[in-house]
Amino acid sequence: MASDFRLKEQLPELTEQIVSTYTSDDSINHLGHCPLPSYTAVVDILLDLKDILYPGYKRHTNLHAGNIRYHVGGLIDSLHDQLTTQIARALRHEHRVLQNHKDCETDIDFEAKGQAMAIEMLKRIVKLREMLATDVQAAHDGDPACQTTDEVVFCYPGFEAITVYRIAHELVQLDVPFIPRMMTEWAHKETGIDIHPGATIGEYFFIDHGTGVVIGETCHIGKHVKLYQGVTLGALSFPTDADGQLIRGQKRHPTIEDDVVVYANATILGGRTVIGRESVIGSSVWITRTVSPGTTVVLEKPQLKVRGSDEPADELRPEVNYQI
């Protein structure tokens, strides 16, 4: 059947109805001449940074000593421009929100501020590579299924999420607004791993399997920590003020000290909760208070019911290693 072109006569009216909802007090439109940071540009920045952090692995191959300087130089030049523009947009938007005004014009030179922050971010790439090299090694050493460190860089979603987190965390430390969260939420979408860029995470960090891991903004995680899928490091509650508004800026998420392993689907909550060094947190436990160093926390043995089997239901074979 052919389309009825007469129905298209409704489209101008539908357009007017939609546009009429774009009011000045509408919280889900951004109209005017002050552009927000570009989502696609921020993703491009991440991809370019990963090309520098891991040359030869991602988008560009066949790199060698004869062309690597040219390749990196071109990326650095492009990143300078992209970061300057996007950071300036984020700073301008934050200023407008904090000052509660709509005017885009101001005496503040946000481009100059953005360029200074962009240069400082680029200076941190060497430190980032050193830190991420420890995360690669942690994944290789912590997973018997991993044959080479190349496999970690190519294949591991946990390492992908950690990479984006470490980039975004550097921007948080530089007081860049908005963009760090855009980065980590892109990684969340890509990997199923949600790491807030404000969290503090030490070296040799490994997330195995990864799907469903949540790490809150005020988490402090030490060195040589290993998490499995489904782990939540979250807030116990959200304190409010006398007007019922959330109180921000307090430590809401737990501290995980060095050399801790947290197994699948464990939930650890609260800003005062500390998991002491060298502890092991078993699967599916719920923890809301501090655990002393060197402690193992596990659920009591479950009671299973198996129909149609002569084997006792509550006896798991001890010779089997049930670790994933």
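The largest pocket of this predicted model has a volume of about 630 Å³. A pocket here is an open set of points on a 1 Å grid over the protein atoms alone, where a 1.4 Å probe fits, with protein on both sides within 12 Å along at least five of seven lines. Grid points are joined across faces, edges and corners, and the volume is the space filled by probe spheres set on them. Its lining holds 26 residues, and Arg181, His196, Glu217, Arg248 and Arg252 are the closest to the centre. A lining residue has an atom within 4 Å of a point.

Which elements give two or more residues to this lining? They are helix H8 (179–191), strand E4 (214–215) and strand E7 (232–234). H8 gives the most, with three residues. Helices (H or I, at least four residues) and strands (E, at least two) are DSSP runs, numbered from the N terminus. By class, the lining has 14 nonpolar, six polar and six charged residues. Asp, Glu, Lys and Arg count as charged; Ala, Val, Leu, Ile, Met, Phe, Trp, Tyr, Cys and Pro count as nonpolar; the others, Gly among them, are polar. Domain 1 (31–192) and domain 2 (212–302) each supply at least three lining residues. The domain bounds come from an automatic or database assignment.

The second largest pocket has a volume of about 450 Å³. Of its 19 lining residues, Asn29, His30, Leu31, Arg96 and Lys102 are the closest to the centre. Five are nonpolar, ten polar and four charged.

The largest nonpolar core has 70 residues, of which Met183, Phe205, Ile215, Leu227 and Leu233 touch the most other members. Such a core joins buried Ala, Val, Leu, Ile, Met, Phe, Trp, Tyr and Cys residues through side-chain atoms within 4.5 Å. Helix H7 (157–173) is among the elements that give two or more residues. H7 gives the most, with eight. Both domain 1 (31–192) and domain 2 (212–302) give residues to this core, so it lies between them.

Methionine 183 touches Val42, Ile45, Leu46, Val164, Ile167, Ala168 and Leu171, leaving out residues up to four places away in sequence. Contact means heavy atoms within 4.5 Å.

Lysine 50 sits in helix H2. Is lysine 50 buried or exposed? It is buried, with a relative accessible area of 6%. Buried means under 20%, exposed over 50%, partly exposed in between (1.4 Å probe, protein chains only). Beyond its neighbours within four places in sequence, lysine 50 contacts Glu160, Thr163 and Trp186.

Residues are numbered from 1 along each chain as its sequence is written, and side-chain values use heavy atoms, without hydrogens or water. In this predicted model, local features need pLDDT of at least 70 and side-chain atom pairs count only at pLDDT 80 or more, while totals for chains, interfaces and linings use all residues.
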